[in-house]
2 protein chains.
Amino acid sequence: MTRLERRRSGMRDVAERAGVAMSSVSRVLSDHPDVSPAMRERVLATVNELGYQPDLLAQSLRRNETRSIGFVGADISNPLLAHIVRGAETTLTEAGYSLLVTNSLNQPELDLRHVQLFEQRRTDGLILLPVRERNRPLIEELAQFEGPIVVIDRNIPASVNASRVLSDHRAGVQTAVEYLLDMGHRRIGLITGQRVRPSAERRAGLEDAFAARGLQKTYVVHPGAYTEEHGGEAMRQLLELDDPLTAVIAGSNQITIGALRVLHERGISIGPELSFISCDDVAATELHAPPIAVVIRDPTELGTQAARLLLKRLRDPDLPPEHVVLPTRFVPRASCVPPQAMGAGQPSAA
Amino acid sequence: MTRLERRRSGMRDVAERAGVAMSSVSRVLSDHPDVSPAMRERVLATVNELGYQPDLLAQSLRRNETRSIGFVGADISNPLLAHIVRGAETTLTEAGYSLLVTNSLNQPELDLRHVQLFEQRRTDGLILLPVRERNRPLIEELAQFEGPIVVIDRNIPASVNASRVLSDHRAGVQTAVEYLLDMGHRRIGLITGQRVRPSAERRAGLEDAFAARGLQKTYVVHPGAYTEEHGGEAMRQLLELDDPLTAVIAGSNQITIGALRVLHERGISIGPELSFISCDDVAATELHAPPIAVVIRDPTELGTQAARLLLKRLRDPDLPPEHVVLPTRFVPRASCVPPQAMGAGQPSAA
């Protein structure tokens, strides 16, 4: 039996004998405020009865905590992710935890390896934004992880007992597309990343908007990856359609950079020649001439909420996982204007 | 004696008896390729002589390594830092190490706390880009750290036995300023961050350029912090000088964003009304209209080199620390034009 197992068995003995949950023993020993006097008395009586020293058990309990949280993210050179990390870090630091961040460089194998690393390090919890959703070895590893887990903006099987913080991309993109439709745009392109929740939600928002206006599905979706390379390549292909688009929505900041680069190279005037909407505001869209319309969300708040959900279950491991959905908002800017002669749609006020 | 101490003492006994360095014992036991047959024989003979089982010692050795490296950075929501992390991560992952990243949110106390955390976690090495250079508790902590340390772009006292990767900001800024001087600019502003190496180097580059052209010191330096807020505030103050500037150099990407925002708000035409140069290329400067001239470096390479210097000393702890200086380069763009009527300098071809 390792020391750690011995410590745990001490607490388990107490929990069994007293007929209470391990987490109740833990709360009493760590002086948690949410403990009834009756529970405190019962646990401490059992501790005495079994001959354990409450101070030593409490100390073990404290030692058993590493006060660190692992963060596994697809690519932290994405400014969006950097802000999520910042939000989580600030909240966890205030609560006395440290955040250990790993960068999976968009490689699903590294997601798995980083979760294993954090398991070995006995981090108290995990915050996760994995590259892929259907990564079976990762899902199996997570299902075994002992501490609480929070997943950000991904669909994860129920076998992983995780809380989730999600962005309502669907509503934001629907509003953006309705704005374009009401301007008279009909041929609209959407460039998305790999097959993860945000890609599917944005596509659904596009479909909802056409359905809400009772219009034919004259849109084109170009999925791929959340990279500048895919943004550029997809933009090039969308520009070669026989029936040209009059508006394009880029489904991430990296996709936007790649697409804008191609439009600049070709000398295409954003607004008059092609309306353009980005997702997630970054300096490049804000300071662009013309400024780029965006579907925004608060990435720091995503991180903050993830940390809060995690802290809740760290304090009370018996709590069930929770889901929080944070809003997105469409911000119209000069990059969107009614379609000009080159557009193939039939302009009409809806 | 803890298990860890026992393991170490086993290796130390062998090293002493064989009259070789601990690192040589370590190399033999870990099957390192750079071991002479003579050295291998000598170490293994001593291991047998002392009655140790080489396999068990090797296993202990392996267990003693955590195969993880700690990264302590001022603020990873800075895209520059995110690229440094990406470069380091890629190189370390290839070598079988994981990088654990912490974010100090620009708070020097968090730098210290993160180094302590990595010490407790027994990470094998540290890569560091601290908020402040003169943080005494941090320096003392680093001086005690057992593994190799690499510091990026900071001046650190010799008491810390660290390798360093530096950027040659001075040469890049000198070239940029000479370009402005040769266009006829004389009243030039430089906005820098807090008192760390890059700020001092950029200032020195500005001074060098004026000295090289034999000109009076008609420049203004506005130090502060590497933040958008400081960039905006400094830009506002520089615009209020009685003797107006004709060109401004923003000494970081965050400073640039803040300064550009103010120039946009005031409707100041970049180029004709004020020439502008940034440091470190980001999408916002590249895609700006007009494109912003920049002093660039390769941030991914900074991270790659940091990881390489660290790996060298992980393989051979007896190696002395090394310093590597990476180049910067000035890229002229349309944001720099000869000063117009509003400039106060005396235009002249140098």
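## A network of salt bridges

In chain A, D153(A), R197(A), E201(A), D280(A) and R297(A) are linked in a network of salt bridges. A salt bridge here is a side-chain nitrogen of Lys or Arg within 4 Å of a carboxyl oxygen of Asp or Glu. This is a predicted model, in which local features need pLDDT of at least 70 and side-chain atom pairs count only at pLDDT 80 or more, while totals for chains, interfaces and linings use all residues.

Helices (H or I, at least four residues) and strands (E, at least two) are DSSP runs, numbered from the N terminus. R297(A) counts as buried at 14% relative accessibility, and D280(A) is buried too, with a relative accessible area of 6%. Buried means under 20% relative accessible area, exposed over 50%, and partly exposed in between (1.4 Å probe, protein chains only).

## Salt bridges in chain B

Over all chains, the count comes to 30 salt bridges. In chain B, the side chains of D153(B) and R197(B) meet in one of them, at 2.9 Å, N to O. D153(B) sits in the loop between β4 (149-152) and β5 (162-167) and R197(B) in helix α9 (residues 197-212), so the pair ties together parts of chain B that are 44 residues apart in sequence. D153(B) is buried at 3% relative accessibility, and R197(B) is buried at 8%.

Another salt bridge joins the side chains of R170(B) and D208(B), at 2.7 Å, N to O. Here R170(B) belongs to helix α8 (residues 169-183) and D208(B) to helix α9 of chain B, so the parts tied together are 38 residues apart in sequence. R170(B) is partly exposed, with a relative accessible area of 35%.

## Where the two chains meet

The contact between the chains takes 38 residues from chain A and 38 residues from chain B; contact means heavy atoms within 4.5 Å. Together the chains bury about 3,300 Å², 57% of it on carbon and sulfur atoms. Buried area is the accessible area (1.4 Å probe) that two parts lose on being put together, summed over both. On the chain A side, R86(A), R121(A) and L287(A) lose the most area to chain B, together 21% of what that side buries.

Four salt bridges run between chain A and chain B, and R261(B) and E286(A) meet through their side chains in a salt bridge at 2.6 Å, N to O. Elements of chain A that each supply at least two residues to the side touching chain B are α5 (79-94), β2 (98-103), α6 (108-120), α11 (253-265) and α12 (283-286). Of these, α5(A) gives the most, with seven residues.

## Nonpolar cores

The largest nonpolar core has 52 residues, and those with the most contacts inside it are F71(A), I127(A), F71(B) and I127(B). A nonpolar core is a set of buried Ala, Val, Leu, Ile, Met, Phe, Trp, Tyr and Cys residues joined through side-chain atoms within 4.5 Å.

## Chain A as a whole

Chain A comes to 13 helices and 12 strands, and its C-alpha trace spans about 85 × 35 × 35 Å along its principal axes. Of its 350 residues, 56% count as buried.

Two residues illustrate the ends of the range. V165(A) is found in strand β5 (residues 162-167) and is buried at 0% relative accessibility. E273(A), in the loop between α11 and β9 (275-279), is partly exposed, with a relative accessible area of 35%.

How values were computed:
Residues numbered from 1 in each chain as written. Chains lettered and ligands numbered in written order. Heavy atoms only, no water.
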